[in-house]
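Subject: Structure for your review

Dear colleague,

Please find below the structure that I am handing over to you. My notes on what was found in it follow directly after.

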Amino acid sequence: MAAMRRTAILGATGAAAVAVLLTAPAAGADERPAASAATTYNGACGKGYNVVNSAAIGTQGTVYLTYNAGTGANCVVAQRRTAGAPVHMTASLGFSSPTTWVVDSGNYRSYAGPVYLDARGLCVTWRGQIGDEVAGKNGTNCGARVAARG
C-alpha cells in the first residue's frame with residue numbers, strides 16, 4: 001500500500017473551531033530523495049524559498065524555516081542528518097491569531113514536509129520531530145504588516 005501524506009490544517013475563529021484533514025498520496029518513504037550526510041537544507045520547499053531560521057533536532061537532524069519574499073509564504077521541513085530506515089517524523093508551521101496549523105506527519109526516510117503557510121505580518125511557530133526528539137521555536141520571524149493575506 002502506498003504511503004499517505006496527511007496534512008492537517010487547523011483553524012479557530014472566535015469560539016468556533018474548524019479542523020480539516022487532507023489525505024493525498026505522498027511520495028513513499030522509498031521514493032524521497034536522501035538528505036545529504038551534512039545537515040544542509042535540501043531545498044524541498046522549492047524555488048524562491050530561503051532559510052530564515054533553523055533548530056537542531058537533537059542529534060537526529062534539523063528543522064528549517066524558509067520564506068519566499070515573492071509569495072509571502074513560509075515553509076518548514078524537518079530533515080534527518082542521514083537518511084535511513086523509515087522513522088516517525090513531523091514538520092509543523094502555524095500562527096496564533098487566528099489559530100492555524102499546517103502539519104505533515106508520517107514515517108519517512110529523510111524528511112517531513114514541506115508544509116506551507118502565508119503568514120505575512122505575523123509571527124510563526126514552527127516545529128520538527130524525528131523519532132522522540134523535537135525542536136522548533138515559538139513566535140519568531142515576525143513580518144511587518146505590509147500586505148493583507150489572501
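Leaving aside its neighbours within four places in sequence, with which residues is Val 63 in contact? On one side of the list stand Asn 53, Ser 54, Ala 55 and Ile 57; Val 76, Val 77 and Ala 78 follow, and then Trp 126, Arg 127, Gly 128, Ala 135 and Gly 136. Contact here means heavy atoms within 4.5 Å.

**Basis of the model**

This is a predicted model, in which local features need pLDDT of at least 70 and side-chain atom pairs count only at pLDDT 80 or more, whereas totals for chains, interfaces and linings use all residues. Residues are numbered from 1 along each chain as its sequence is written, and side-chain values use heavy atoms, with hydrogens and water left out. The pLDDT is the predictor's confidence in each residue, from 0 to 100. For the protein chain the average is 77, and 69% of the residues score at least 70. Over residues 1–38 the pLDDT stays under 50; for this stretch the model has 77 contacts beyond four places in sequence.

Strands (E, at least two residues) are DSSP runs numbered from the N terminus, as are helices (H or I, at least four residues). Two strands are said to pair if DSSP finds at least two bridges between them. Strand 3 pairs with strand 4 in the antiparallel sense over 7 bridges, and Val 51 has Thr 66 in strand 4 as its bridge partner. The hairpin of these two strands has 3 residues between them, and Gly 58 takes a positive phi near 55 degrees there.

Strand 4 also runs antiparallel to strand 5, to which 8 bridges join it. Gly 61 has Arg 80 in strand 5 as its bridge partner. In this hairpin, with 4 residues between the strands, Gly 72 has a positive phi near 80 degrees. Strand 4 is mostly covered, with 7 of its 8 residues buried. Buried means under 20% relative accessible area, exposed means over 50%, and partly exposed lies in between (1.4 Å probe, protein chains only).

**Nonpolar cores**

A nonpolar core is a set of buried Ala, Val, Leu, Ile, Met, Phe, Trp, Tyr and Cys residues joined through side-chain atoms within 4.5 Å. The largest one has 21 residues, and those with the most contacts inside it are Val 63, Val 76, Leu 93 and Trp 126. Two or more residues each come from strand 3, strand 4 (61–68), strand 5, strand 6 (87–96), strand 7 (99–108), strand 8 and strand 9. Strand 6 gives the most to this core, with 4 residues. A second, separate core has 6 residues, among them Cys 45, Tyr 49, Val 77 and Tyr 111.

**Disulfides**

A disulfide is taken as a pair of cysteine sulfur atoms within 2.5 Å, and by this rule the count comes to 2. Cys 45 is joined to Cys 75, with an S to S distance of 2.0 Å. This pair links distant parts of the chain, 30 residues apart: Cys 45 is in the loop between strand 2 (16–25) and strand 3 (50–57), and Cys 75 is in strand 5 (residues 73–80). The torsion about the S-S bond of Cys 45 and Cys 75 is about -80 degrees, so this disulfide is left-handed. Both Cys 45 and Cys 75 are buried.

The other disulfide joins Cys 123 to Cys 142, with an S to S distance of 1.9 Å. Cys 123 lies in the loop between strand 8 (111–118) and strand 9 (124–130), and Cys 142 in the segment after strand 10 (133–140), so the pair ties together parts 19 residues apart in sequence. With 110 degrees about the S-S bond, the link of Cys 123 and Cys 142 is right-handed. Cys 123 is partly exposed, with a relative accessible area of 34%, and Cys 142 is partly exposed at 47%.

**Strands 9 and 10**

Strand 9 and strand 10 pair in the antiparallel sense over 6 bridges. Val 124 stands opposite Thr 140 in strand 10. Their hairpin has 2 residues between the strands, and Gly 131 takes a positive phi near 60 degrees in it.

Yours sincerely,

A colleague
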